[in-house]
Amino acid sequence: MIAHDPNEDFLLAGEYVLGVLDGAERDAFERRLPREQALRQYVARWQTRFADLDNGVAPKDVPPALWSKIEAQLSGKQIAKATGPGFSERLWWSLGFWRGASFAGALASLLLAVSVGLLAGRATPQPQIVAVMLTPEGVPGAIAEIHYDGRINVIPIHDFEVPSGKTLQVWTLFDKAKGPISVGLIERTRQALFHRADLPTGQQQLYEITLEPAGGSPTGKPTGPVIVKGFGALPRL
Amino acid sequence: MRAGAALQSWGTNGNRRIPRFTACHGLHWQQVGISFLSDKNDDHSALIVACGRGDRAALQEIYRREAGAMIGISARIVKRRELAEEVVQESFVAIWRNAARFDPSIGSGRAWLFQIVRNRSLNMLRDTSRELPTEQDALDAAVDAGADYENAYERLANNSALKRCLDELEPRRKQGILLAFVEGMSHGEIAAKLKVPLGTTKSWLRRSLIALRECMA
């Protein structure tokens, strides 16, 4: 943990509210915000100081279709789209996954997973939360990058086997009363991107992938075996 | 008022000249509007907290009250109406998603909403800056440049502490603060507009922030 000078932080918060931090500086500042109460207070005070400039704005006409677009986006498409260059040209859900791995191999995979994810994130804004999902044997099997704008990027880092008539389903658990909520199905053989702006993005929120009948769990809750699972955490960047 | 005339009125020679449009008597109705809105600030916080609990009707109420103002705030930065509408659409998704983390004890709900709009507008500027603007866009931008920050300043109520404290700043430093906050200009853009070196712009803005903090304490 880096020690921060309060006066410097106060000015930094002012520059943040003013909007003059460049992209990298702003990203770094926003990553500190969830963890630092003092920083959030500085930001709130600057917002209050400058609020008159916004409160006096002349409202513009709102196009009638805008609300329905927002609602559509919040409902979200739940089937993943294959994205970007594939992690693998071949089926990654193959037998290899269950062969097990040495501890060293697992650690290497974990480091690879995190570095790959974070490097991939550098082209676009960096993920807010990263979840490394482990197999029941404790081997890293997939990572999820959860972004502020609702994108959830699931990246496999192992080969899995999916029998015909089955599919993989990604779930997240943020409220025990509600139980696991489906993030979406993985129907393609590569990194999958979901748009789920309707889901919360807490730390210590569970992510898991289960094996389900093709088309997804018939009950809306996981019915098959857990392939991988792991908790979301703040990436330390 | 056109941009050229406005620039003169702000002065560029370091005089502590007061811009001539400050003595505007047309602000009366705006002051009424502002106080009406600030009375509702607590409501905004309550609505955001309700969004955090999954209440979609609360989000729709925020939309009903603020979507127009949000498009206005974004348009000052992104300059194109369709981009501003896109920003506001994304902002409502972000509001819904982040509402559970809003802490009403720390700050104003309305300011929190507008911060999201401003951040998304800045992102939009970054994302679209590589696109080649059309000739019409370039013309629009040239006409708009420098007009929005001035309008925002003109619309400040006469009893606004921010207005009083901005007026204590040297005119170009005031202009720098307004260009940054209202129009989303970067250090580099402000430096080009004010015709001062980049490093000078950064230190001006920092010293202006310190002056504003002391003045508004």
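Student: Is B:E85 buried or exposed?

Tutor: B:E85 is buried, with a relative accessible area of 18%; buried means under 20% relative accessible area, exposed over 50%, and partly exposed in between, with a 1.4 Å probe and only the protein chains considered. The model is predicted: local features need pLDDT of at least 70 and side-chain atom pairs count only at pLDDT 80 or more, whereas totals for chains, interfaces and linings use all residues. Residues are numbered from 1 along each chain as its sequence is written, chains are lettered from A and ligands numbered from 1 in the order in which they are written, and side-chain values use heavy atoms, leaving out hydrogens and water.

Student: Which side chain meets that of B:E85 in a salt bridge?

Tutor: A salt bridge is a side-chain nitrogen of Lys or Arg within 4 Å of a carboxyl oxygen of Asp or Glu. The partner of B:E85 is B:R81, at 2.7 Å from N to O. B:R81 is partly exposed, its relative accessible area being 35%.

Student: How many residues apart are B:R81 and B:E85, and in which helix do they lie?

Tutor: An α-helix has 3.6 residues a turn, so residues three or four places apart point the same way. Here B:R81 and B:E85 lie four residues apart in helix α5 of chain B, about one turn of the helix; helices are DSSP runs of H or I with at least four residues, strands are runs of E with at least two, and both are numbered from the N terminus. In another case, B:R64 and B:E61 are three residues apart in helix α4 of chain B, and their side chains form a salt bridge at 2.7 Å, N to O. B:R64 is exposed, at 61% relative accessible area.

Student: Which residues do salt bridges with shared partners join into one network?

Tutor: The network consists of B:D43, B:E61, B:R64 and B:R65.

Student: Why can the salt bridge of A:R32 and A:D9 be said to tie together separate parts?

Tutor: These two side chains meet at 2.9 Å, N to O. A:R32 belongs to helix α2 of chain A and A:D9 to helix α1 of chain A, so the bridge links parts 23 residues apart in sequence. Both A:R32 and A:D9 are buried. The whole structure holds 18 salt bridges over all chains.

Student: Which residues other than glycine have a positive phi?

Tutor: Most residues other than glycine have a negative phi. At 21% relative accessibility, B:K79 is partly exposed. Another case is B:K195, whose phi is about 55°; this residue is in the loop between α11 and α12 of chain B and is exposed at 72%.

Student: What does B:S74 touch, beyond residues up to four places away in sequence?

Tutor: Contact means heavy atoms within 4.5 Å. B:S74 touches B:K79, B:A84, B:V87, B:V117 and B:S121. It lies in helix α4 of chain B and is buried, with 0% relative accessible area.

Student: How is chain B built as a whole?

Tutor: Chain B has twelve helices and zero strands. Of its 217 residues, 51% count as buried. Among the contacts in chain B with a separation of 6 or more, 67% join residues 24 or more positions apart.

Student: How much area do chain A and chain B bury between them?

Tutor: The size of an interface is often given as the accessible area lost when the parts come together. Here about 5300 Å² is buried, 59% of it on carbon and sulfur atoms; buried area is summed over both parts and uses a 1.4 Å probe. In terms of contacts, 54 residues of chain A meet 59 residues of chain B.

Student: How many salt bridges lie between chain A and chain B?

Tutor: The count is four. One of the salt bridges pairs B:R76 with A:D54, the closest N and O atoms being 2.8 Å apart. On the side of chain A that touches chain B, α1, α2, α3 and α4 of chain A each supply at least two residues. The largest share, twelve residues, comes from α3(A).

Notes
Buried area = accessible area lost by both parts, 1.4 Å probe.
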